[in-house]
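This report describes one predicted model, chain contacts before single residues. The sequence and the structure come before the text.

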Amino acid sequence: MPQLFKRRANAIANAAIMGGVLIFLGACGVVYALGRSDYWTRKEEPLAQPVPFSHEHHVAGLGIDCRYCHTSVEKSSFAGMPPTDTCMTCHSQVWKDAPVLQPVRDSMQNGRPLRWTRVYDLPDYVYFDHSIHVNKGIGCASCHGRVDQMPMTWQEQPLYMRWCLDCHWQPEMHLRPLEEVFNLSYASPKNQFLLGTTLAEQNHVSHDGLTDCYTCHR
Amino acid sequence: MNVPDETPVVAPGYDSGSVTRKITDVVLARPLGRGWLAGFAFAFALLMLLNFAIGWLLIRGVGIWGINIPVAWGFAIVNFVWWIGIGHAGTFISAILLLLHQDWRTSINRFAEAMTLFAVACAGLFPLLHLGRPWVFYWLLPYPDTMGLWPQWRSPLVWDVFAVSTYATVSLMFWYVGLIPDLATMRDRSAPRPLQFIYGVMALGWRGSARHWKRFKMAYLLLAGLATPLVLSVHSVVSLDFAVAIVPGWHSTIFPPYFVAGAIFSGFAMVLTLLIPVRKAYGLQDFITIRHLENCAKIMLATGLMVAHGYITEMFMSWYSDDKFDIYMTLNRMFGPYAPAWWLLMFCNVLVPQALWFKSIRTNPAILFVLALLVNVGMWTERYVIVVTSLHRDFLPSAWGIYHPTRWDWMTLIGSFGLFLSLLFLFLRLLPAISITEMGKLVLDKKESRQQ
Amino acid sequence: MNMNTWRSTDELEDRPAFRDWLQREFPPLASEWTNEASRRSFLKIMGASFALAGLNACTRQALEKVVPYVRQPEDLVPGQPLYFASALNLEGYARGILVESHEGRPTKIEGNPEHPASLGASDVFMQAEILALYDPERSKSVMNGLEVSTWDEFLALVVQEREKWKSNGGIGLRLLTGHITSPTLLSQIEVLLQEFPNAKWHVHEPLATKAPQPIYDVGKAEVILAVENDFLGPGPAQLKYARDFASRRRADSGATKFNRLYVAESTPSMTGARADYRYALGPRALQEFGTALATEASLPSWGVPILADLTRNKGRSLILLGDSLSEEVRQFARNWNRPLQIAQPLPSNGDSLSEFMQHVEAGKIETLVILGGNPAYDTPVDFKFAEKLALVPLRIRLGLYEDETSALCQWRLPEAHPLETWSDARAFDGTATIMQPLIEPLYGGKSAHELMAALAGNAVVSGYEIVRQYWHAQHAGDDFEKYWRKSLHDGVVAGSAGGKSSPFAPSVRAAASGSGLELVFRPSPSIRDGRFANNAWLQELPQPFTKITWDNSALISPATAKRLHLSNEDVVDLKYRGRLVRAPVWILPGQADDCVTVHLGYGRTHAGRVGNGVGFDAYALRTSDAPWGGSGLEIVKTGLRHPFATTQHHQSMEGRDQVRVGTLAEFQQHPAAVAQVGEPAPGGDETLYVPIAYKGHAWGMAIDLGACIGCNVCTIACQAENNIPVVGKEEVARGREMHWIRVDNYFEGAPENPRIHFQPVPCMHCENAPCELVCPVGATAHSSEGLNQMVYNRCVGTRYCSNNCPYKVRRFNFLEYDRNPFESAPVLKLLRNPDVTVRTRGVMEKCTYCVQRINRVRIEAEKQNRPIRDGEIIPACAQACPAEAIVFGDINDPQSRVAKFKASPLNYGLLAELNTRPRTTYLAKLLNPNPEAEKT
């Protein structure tokens with residue numbers, strides 16, 4: 001009876017076995033990497049907006065404070081999106097006829113609100129509260145980055161649960177003096193841990209409960 | 001074990017050649033019989049039924065089943081435990097009996113192992129299907145996720161994942177390694193080239209050299225050693241799903257041994273249920289002799305008695321504990337809404353096996369077949385009683401409820417038979433159902449012992 | 001009406017009403033919802049099975065829009081709710097409310113602490129009104145016959161009519177309304193009747209008592225005898241009475257001297273359940289007892305100590321009688337009670353329906369305007385209202401729904417919901433509330449005020465102006481603006497209490513007599529007189545004692561059942577005075593023998609998808625001369641069966657000590673003897689592990705069984721607060737109701753007249769929670785403050801936690817309940833509480849102690865760097881409870897109210913012997929028996 005397989009069949013067989021294992025591991029690796037990729041989390045991906053609003057221009061350029069538009073950030077879970085008439089307070093005088101601002105003027109005339117695209121979109125089962133973070137010394141920039149350097153706004157952080165927990169596990173590493181909260185260019189000092197610990201003392205930031213499920217999920 | 005007066009494990013007048021021919025012919029020579037086609041068609045139809053039931057389940061949710069609060073576990077878990085139990089005989093026969101040098105096992109171990117694999121496959125379905133959100137089943141696996149979370153190691157369900165998957169893997173390897181030499185034989189004996197090729201690939205280039213045999217023996221023995229503790233571990237872990245809970249009727253330390261015994265009990269019952277028709281259909285009476293059936297029957301009797309002991313201990317303990325909830329649970333099983341199920345299981349699992357004390361019955365295939373069927377039913381009912389009657393009336397009477405399976409429950413159960421049988425029919429058709437090498441060896445040993 | 005009943009009950013026989021209307025109304029949905037896979041193609045499903053399994057997790061999060069205001073209201077802070085004071089009516093009587101509003105959507109109703117008829121608590125109807133507001137089936141457009149018309153076209157008609165009326169002084173103009181207390185509306189009617197002296201105003205209120213009783217100070221009463229009078233049950237003054245009653249039943253609050261309650265009644269009521277002595281008697285026997293009481297002659301032996309007890313406490317004792325007792329007995333009672341009388345009842349508008357019917361028959365009526373109500377459904381059957389209405393040429397209806405009455409009127413005007421309109425109303429004691437709208441009419445409805453104004457020829461004026469003008473007239477003077485704002489803010493008009501007393505109109509009614517089986521009519525505890533029939537929350541609310549949902553039944557006593565060979569779910573024909581209704585039977589312990597109780601309000605035909613065909617129509621047996629029942633009932637077994645969906649199948653305690661009861665005397669002798677029974681809980685140190693120390697807050701709850709009146713409001717308040725779905729009769733029948741807090745109901749003792757116990761059961765938040773250690777993914781875990789957390793988005797749905805929960809308080813989303821016919825209407829999304837996740841299919845859920853409220857308060861406190869005050873966090877159930885039976889707080893703070901409750905010797909943990917260490921505990925119930933009565 002003739003030989004069924006050539007000599008190299010052995011090599012092929014071994015290769016096949018090895019290959020199978022490698023492909024499987026590779027697939028796992030791809031999934032793992034994709035899940036953490038900026039593509040997946042939309043990190044640093046500038047999003048198209050009805051009006052090409054530039055934080056860089058308004059914040060850095062004109063020095064407008066965050067709270068001028070995001071009025072409820074200190075009072076409420078929701079930071080607040082400026083109603084059209086906030087825009088019009090200035091833009092009824094400056095850039096009155098700029099074509100890019102047409103949607104704003106339309107909205108004012110026909111009373112139909114602007115529809116911005118959410119840049120920071122947490123899942124609906126996550127209950128984030130701006131006011132408590134701002135009042136306890138977490139700066140805007142800690143999550144939103146240097147919006148004063150963003151011509152178009154993008155998401156600065158991956159917003160994994162893990163990323164949230166990193167801070168909730170050790171808030172000291174991220175606390176800043178209350179007066180620095182809205183200072184986008186604030187840089188944390190060398191001795192952040194010491195500073196953070198004292199600030200935690202002052203502002204009653206306690207560890208216990210910070211990582212309870214119910215702190216964010218209900 | 002070679003007591004002369006014993007009925008032989010192989011009918012006289014065979015040499016290794018004829019053994020090989022007889023076994024391989026079942027696959028290679030025999031034409032595609034009408035019986036096989038009919039059987040396979042039936043099994044496949046059931047398999048499609050399962051597919052249909054699963055499809056609707058994924059569309060609508062587990063609400064299509066009869067489960068509710070308080071009875072949040074129903075058929076799915078019952079079927080899971082039952083199938084897993086059946087999956088025990090195979091490894092028991094091949095591993096433990098191998099280590100104990102029970103030569104009679106040789107002609108049925110291959111078959112039993114196959115059965116084990118298919119049963120585990122069926123069992124594996126249910127824990128996934130019974131999830132409210134099956135598509136996130138992988139959260140039960142420990143892997144580095146973006147949430148900074150891990151499985152909850154105190155939960156028996158996590159232990160299950162490992163116990164069952166380990167068992168499945170090891171049984172598969174054990175079965176396959178055992179197959180290698182036979183696959184080579186098939187390769188050599190099959191005429192058409194593609195068939196040769198396929199068997200050849202599966203045989204992993206076995207040439208039957210002394211080195212091959214040495215390694216083969218070593219590997220097989222090691223795997224047997226590995227598999228042996230698993231026979232005990234798997235169902236112990238499964239039993240912990242219940243024993244760890246505080247539900248009266250579940251919360252009992254006797255569960256692990258009593259589940260393992262029950263598993264082997266039902267496993268052998270299933271072996272008999274399948275062997276008896278198969279040996280008849282393929283005329284393998286000479287290899288799967290009355291002695292095999294009788295030994296299986298003996299093991300059933302032994303394990304059956306252990307199970308009965310389990311029942312009695314359970315009842316005694318609930319009385320002895322003087323725990324009002326436990327006592328009520330026991331009475332409720334006997335006289336409550338689900339009493340018929342309890343009496344049925346007592347009949348099938350305790351009364352019926354007593355017939356096996358008589359050699360005349362142990363050696364009568366027909367009766368054994370019926371008896372084995374009854375035991376299968378009984379063991380399924382046992383799991384039903386454990387799961388449902390314990391849950392439906394626990395601590396607060398205000399929260400008591402009742403459970404009625406829906407047609408979808410039944411479809412899933414019956415469908416799982418379809419999966420099992422389809423695989424079995426394919427196995428009978430494509431692979432040697434009896435280990436050629438071991439049989440050949442057996443015949444040689446016998447010859448030598450006779451010559452001396 | 002008989003015909004309807006026949007038909008609908010027969011339909012009920014074929015298949016559950018829910019499935020029935022579902023398939024009628026929602027052909028597409030039906031295939032989604034019912035289990036009929038057959039209609040779907042085989043391959044499609046098999047394909048989908050794999051697709052579904054795969055795709056689910058593998059999609060990038062879709063981009064979302066964020067939409068700011070164009071002009072943002074000043075007082076509105078996005079993300080923070082606002083609260084507005086208003087009121088809701090029950091039979092015309094106001095109960096004050098505070099409504100929570102998120103970005104302009106009303107989401108939750110709470111009681112108004114300032115309001116005498118609420119005192120901060122609420123009843124099931126108040127809670128459910130928020131669902132009624134959004135009900136997608138409210139009438140949406142002005143209809144003229146089959147034509148869709150407009151408000152203006154209607155006004156044109158009114159103009160013509162007015163010309164006619166001006167000429168003839170309004171002959172043939174008739175107004176038919178329910179009971180009205182609204183000062184503005186009353187004055188508007190007055191104005192109209194002045195303008196058209198020949199016009200007439202008729203009133204029909206199906207549950208109105210013929211002679212309204214004065215308001216008594218239940219809190220001051222030492223001894224109370226209630227005969228067929230359910231003063232703790234649903235009604236305009238329930239919340240006040242329950243609060244006062246409970247204040248005399250607390251062992252903790254220092255009220256060492258309990259009041260004592262005797263109840264004689266035909267069918268178990270909330271009042272009867274709280275009685276120290278309860279006697280189950282049929283109406284005849286009750287009437288005899290009443291007469292004997294009044295005449296002090298031939299008093300039954302058991303009655304003697306009662307009368308003695310009452311007499312001993314004369315001046316501090318009350319005799320409260322039901323409307324079914326004869327007038328002379330009621331007169332006797334009024335005299336007896338006078339010392340404890342705090343207010344006269346409001347002037348009843350009088351009931352002139354019989355007169356009205358005569359005019360109809362005489363053809364005297366040309367134009368009929370029906371404001372609200374539903375006379376075509378709930379008027380006495382002998383009036384044949386429905387058929388005779390055709391004799392009126394022009395019929396105009398203002399109503400919330402296209403109901404039975406609308407179906408008989410040419411002009412149908414959509415009515416605005418009380419939460420959509422300006423109006424006002426008086427409470428049972430006369431206190432007026434100005435009702436303010438929280439939202440523009442969703443379906444373009446008009447208020448009764450606007451309609452009346454139109455009839456008075458002043459169509460342009462808005463509801464706001466009408467109400468404001470009225471109150472301006474009441475409070476002239478330049479500080480009116482201040483007065484108006486204050487009244488609106490407080491939800492009560494200062495100094496408006498004390499209705500003008502009015503002479504009683506004693507109704508001459510034959511006292512119950514005759515022989516044979518007796519029939520008793522009661523309003524449904526869930527849907528009242530039928531006006532709430534289309535409210536799914538109320539339909540699915542388990543009725544007290546029977547725990548039946550989505551049905552009414554013929555309630556009979558065990559003995560009678562045995563005599564007539566009836567068992568639960570048997571369908572019988574009720575033959576009464578030549579009329580017949582087909583009804584399923586329910587055997588109720590504590591029901592008087594030979595006496596059948598039926599609940600009104602069911603068997604609606606034009607209620608809407610929810611209410612249609614649910615139960616049978618008991619009005620079909622109700623006649624004008626015996627509105628509360630009478631003798632001569634016949635029961636004929638039909639051999640048919642009707643399945644009920646009950647939420648509690650076992651109402652015996654099985655010798656387990658879930659509910660612990662003792663007497664005041666026992667408690668005073670050995671405080672521990674009452675509650676500290678059974679197997680004790682293991683000590684906290686009996687463990688190999690390091691006991692967890694809760695350093696910060698440790699939330700806990702105590703439920704006082706001595707105060708609970710079993711009114712169910714906790715259940716429905718929780719449902720409203722936590723976005724809990726309605727699942728429908730079929731799912732309830734399968735044991736899948738979703739209520740997070742249930743009120744268990746146990747019968748103790750002989751079935752003829754058992755003791756009745758209530759036990760609200762929310763999640764116990766066990767410190768050693770059995771559910772936690774069996775969850776394979778840690779979806780339920782313990783918080784640092786001792787909450788047993790349930791994380792929906794982590795749950796994979798093994799349901800192991802529910803199996804291992806000894807209290808069975810966990811609820812599972814067996815199907816996508818948010819897409820079921822009760823929840824799927826888009827408008828209902830406005831109703832959702834934005835602070836609570838809407839759960840998806842396949843996840844477990846349960847009571848969270850209203851963690852969204854805990855977090856809100858904590859964040860506010862943290863921002864102000866101050867500790868959380870005791871009583872600052874109130875879960876929905878506790879806030880709604882009229883008896884203040886539920887107390888929540890920090891058990892680490894010894895000064896907190898909950899800590900004090902738990903310190904009481906009456907405090908015990910449910911199944912604590914299992915070492916679950918529950919955070920929710922109970923205070924045992926104390927009875928106050930009468931030594932003399934014990935002797936007899």
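In the interface between chain A and chain C, 47 residues of chain A are in contact with 45 residues of chain C, where contact means heavy atoms within 4.5 Å. About 4,100 Å² is buried between these two chains, and carbon and sulfur atoms give 53% of that area. Buried area here is the accessible area (1.4 Å probe) that two parts lose on being put together, summed over both. On the chain A side, the residues that lose the most area to chain C are A:Arg42, A:Tyr214 and A:Arg218, together 21% of what that side buries.

The model is predicted: local features need pLDDT of at least 70 and side-chain atom pairs count only at pLDDT 80 or more, whereas totals for chains, interfaces and linings use all residues. Residues are numbered from 1 along each chain as its sequence is written, chains are lettered from A and ligands numbered from 1 in the order in which they are written, and side-chain values use heavy atoms, with hydrogens and water left out.

A salt bridge joins the side chains of A:Lys136 and C:Glu862, at 2.8 Å from N to O.

Elements of chain A that give two or more residues to the side touching chain C are α2 (38–41), α5 (84–91), α6 (102–110), β1 (116–117), α7 (130–135) and α11 (213–216). Helices (H or I, at least four residues) and strands (E, at least two) are DSSP runs, numbered from the N terminus. By class, this side of chain A has 18 nonpolar, 14 polar and 15 charged residues. The nonpolar class holds Ala, Val, Leu, Ile, Met, Phe, Trp, Tyr, Cys and Pro, the charged class Asp, Glu, Lys and Arg, and the polar class the others, Gly among them.

Strand β1 of chain A is joined by 2 bridges to strand β1 (residues 65–66) of chain C, and the two run antiparallel. Two strands pair if DSSP finds at least two bridges between them. A:Thr117 stands opposite C:Lys65 in β1(C).

**A sheet in chain C**

In chain C, 4 strands form an open sheet of mixed pairing, in the order β36-β29-β38-β37. Its edge strands are β36 (886–890) and β37 (907–908), each of which pairs on one side only. Strand β29 (residues 699–704) and strand β38 (residues 920–923) run parallel and are joined by 4 bridges. C:Ile703 has C:Tyr922 as its bridge partner in β38(C).

B:Asp394 lies in the loop between α14 (365–392) and α15 (407–430) of chain B. B:Asp394 is buried at 2% relative accessible area; buried means under 20%, exposed over 50%, and partly exposed in between (1.4 Å probe, protein chains only). Not counting residues up to four places away in sequence, B:Asp394 touches B:Pro248, B:Trp400, C:Arg656, C:Cys805, C:Pro806 and C:Lys808.

C:Glu228 is placed in the loop between β10 (223–227) and α8 (238–247) of chain C. C:Glu228 is buried, with 11% relative accessibility, and its side chain makes a polar contact with that of C:Arg522 at 2.9 Å.

**Salt bridges**

Over all chains the count is 72 salt bridges.

| Pair | Distance (N to O) |
|---|---|
| B:Arg110 and B:Asp182 | 3.0 Å |
| C:Asp573 and C:Arg582 | 2.9 Å |
| C:Asp625 and C:Arg577 | 3.1 Å |

B:Arg110 lies in helix α5 (residues 106–129) and B:Asp182 in helix α6 (residues 156–189) of chain B, so the pair ties together parts that are 72 residues apart in sequence. B:Arg110 is buried at 3%, and B:Asp182 is buried at 0% relative accessibility.

C:Asp573 is buried at 8% relative accessibility, and C:Arg582 is buried at 13%. C:Asp625 is partly exposed at 45%, and C:Arg577 is partly exposed at 39%.

Technical notes:
Salt bridge = Lys/Arg side-chain N within 4 Å of Asp/Glu carboxyl O. Polar contact = N/O pair within 3.5 Å; in protein donor to acceptor, adjacent residues only side chain to side chain.
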